[in-house]
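Let's walk through this chain together, one question at a time. Have the model open beside you as you read.

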Amino acid sequence: IALCRMCAGICATEKKKAKGEEAQEKLLPGDYAEVEWMEIQALDGPLFRFECAEEPGPCTLATNIKWQVTAPKKMDADSVHVGSFLATLAGVSPSEVFSQEMVKDWRTQFSLDKPAVVARIKAKGKIEPVEISFGATAVVGNDNYALSSLMPGKVLAVPSYLVRAIVRDSFHWRNKSLFPGLVAEEVQAMEWRHSQLATPMRVERRGEEWFFLAPGKGRADPLAMNGLVSGFANWAAVGEEDKAATGKIFLEATVTTSEKKKFSLQVRPTTDKSKFVAKSSQRDWSAHVEAGEVNRFVRSYPELRDSRLLRSAELSQAKKLEISLKEPVATLTWEKDPNGAWKRFNGNEGEEDLVGAFAGAEVKSHEKALPSRLGPRALAKFLDGDGKLIREFPLYRQSGEVFFTTGEFPGEFRRLSPRFSKLLEGLASLK
């Protein structure tokens, strides 16, 4: 009998839809698009209250709006999760609507006397909040039965994922950023030390470039540094640690912004090698972070230095490469054609790979004790289209390997790759 009454209710609903009345059946109609606060509570669970923290408010149904959790304890809310849930409510219509009179004892049959979840949303200009109660799972399909204060006398069938979206712990609703308000582009300096470093690393931003201040000096790899700074600024927790971490510190890091604000982090290992415990200077709770995010900082000074002979902008400007030989006196010249290919000036295309290797070669190691008696044996110059010097590198040779100096790291010689050495094997000045 109950099923027959339910079917009759479904038929009545379909007739209403045919008359164009379905617009009234959104769980959160359009006049609820500006929200002041929301409460959700699962059966036997804590009450979560979210209040709009957007200035001047109220909050719209978007994922970039600021929300504050005010119960069961005050904390920044995960705006994406709160906004997504509200937007989902606004976009969902019941799959079925039938009169409560059609089903005897509908409250107990559909577990609406003790609903699994209750949600209340207070909109701007409304005296009372809309209340939606979610009950038992439907016999057929992936729906839950529900009640809405906007549809009195009706029982609704709504998607079960709405219930799953609500039944969450406090960490789900918490803002997981370790450094809220920190913008990577505003970071001007960074210092960090990990357990494998004897001395800390310190870098500072100068314009668009990064420079090391310790343990040595010189340019830092811009891609690597921008990646570290961006990762730090956008670091998010994957869990919450109940107990204060007391183990040995694995990583310490501090960044300073252009406004001289400091943001610090301490990271300690756990028994689970896939994660660490992190304590941010901006948070009063300890977070679980992924090991991969931490291990990005476990890199040596040579690995993070800018090892490129030419930077991207310089390579783009370069139109000519000249290698001046001392013994015998000669100059080898390559030019870049309109398609970007390098060719020997005399038309011999057999050595155009030399330029590619020279421009893109990375340093494999750093030599500080190369005998001074070798002296420069050849000089490589990159010039722009007007013949203006872009970069120049003195070249050296010892024991079948080629070294160079850039002038950025005083007194330091840098060894190029074996492939590069082989390409220069035929130059008379390097034999």
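Q: How far apart are the closest N and O atoms in the salt bridge that Glu131 forms with Arg120?
A: Keep in mind that this is a predicted model. A salt bridge needs a side-chain nitrogen of Lys or Arg within 4 Å of a carboxyl oxygen of Asp or Glu. Glu131 and Arg120 form such a bridge, and their closest N and O atoms are separated by 3.0 Å.

Q: Which strands hold Glu131 and Arg120?
A: The two residues are 11 positions apart, and the pair links distant parts of the chain. Glu131 sits in a strand that spans residues 130-137, namely β8, while Arg120 belongs to β7.

Q: Are Glu131 and Arg120 buried, partly exposed or exposed?
A: Buried means under 20% relative accessible area and exposed means over 50%. Glu131 comes to 33%, and Arg120 has 22%. Because these values fall between the two limits, Glu131 is partly exposed and Arg120 is also partly exposed.

Q: Which residues are linked with Arg120 and Glu131 in a network of salt bridges?
A: A search of the whole structure turns up 15 salt bridges. In one network, Arg120 and Glu131 are joined by Glu39, Arg49 and Glu51.

Q: What is the N to O distance in the salt bridge of Arg296 and Glu293?
A: Here Arg296 is partly exposed, at 29% relative accessible area. Glu293 is also partly exposed, at 28%. Their side chains meet in a salt bridge with an N to O distance of 3.3 Å.

Q: Which strands are at the edges of the open sheet of 9 strands?
A: The order of this sheet is β14-β13-β12-β11-β16-β17-β18-β19-β15, with antiparallel pairing. An edge strand pairs on one side only, and the two that do so are β14 (218-219) and β15 (239-241).

Q: What angle does the direction of helix α6 make with that of β11?
A: Helix α6 covers residues 222-233 and packs on the sheet. The strands it touches are β11, β12, β13, β16 and β17. Relative to the direction of β11, that of α6 makes an angle of about 90°.

Q: Which residue of β12 stands opposite Ala189?
A: Strands β11 (residues 187-194) and β12 (residues 201-206) pair in the antiparallel sense over 4 bridges. Across from Ala189, the residue in β12 is Glu204.

Q: Is Thr256 buried or exposed?
A: Thr256 has its place in strand β16. Leaving aside neighbours within four places in sequence, it is in contact with Glu186, Val187, Gln188, Ala189, Lys261 and Lys262. Because its relative accessibility is 14%, Thr256 counts as buried.

Q: How far apart in space are Asp242 and Ser286, C-alpha to C-alpha?
A: Asp242 is found in the loop between β15 and β16, and at 76% relative accessibility it counts as exposed. In sequence, 44 residues separate Asp242 and Ser286, and their C-alpha distance in space is 7.4 Å.

Q: What kind of aromatic pair do Phe212 and Tyr301 form?
A: The structure holds 11 aromatic pairs. In this one, the ring centres are 4.9 Å apart and the planes make 90°. Planes over 60 degrees apart count as edge-to-face, so the pair of Phe212 and Tyr301 is edge-to-face.

Q: What are the relative accessible areas of Phe212 and Tyr301?
A: The pair links strand β13, where Phe212 lies, to helix α8 (residues 301-304), where Tyr301 lies. Both residues are buried, with a relative accessible area of 1% for Phe212 and 16% for Tyr301.

Notes: Residues numbered from 1 in each chain as written. Predicted model: local features only at pLDDT ≥ 70, side-chain atom pairs only at ≥ 80, totals over all residues. Heavy atoms only, no water. Pairing = 2+ DSSP bridges. Contact = heavy atoms within 4.5 Å. Axes fitted to C-alpha atoms, helices over the stretch in contact; angles between N-to-C directions. Buried < 20%, exposed > 50% of the residue type's maximum accessible area, 1.4 Å probe, protein only. Phe/Tyr/Trp six-rings, centres within 6.5 Å; stacked < 30°, edge-to-face > 60°.
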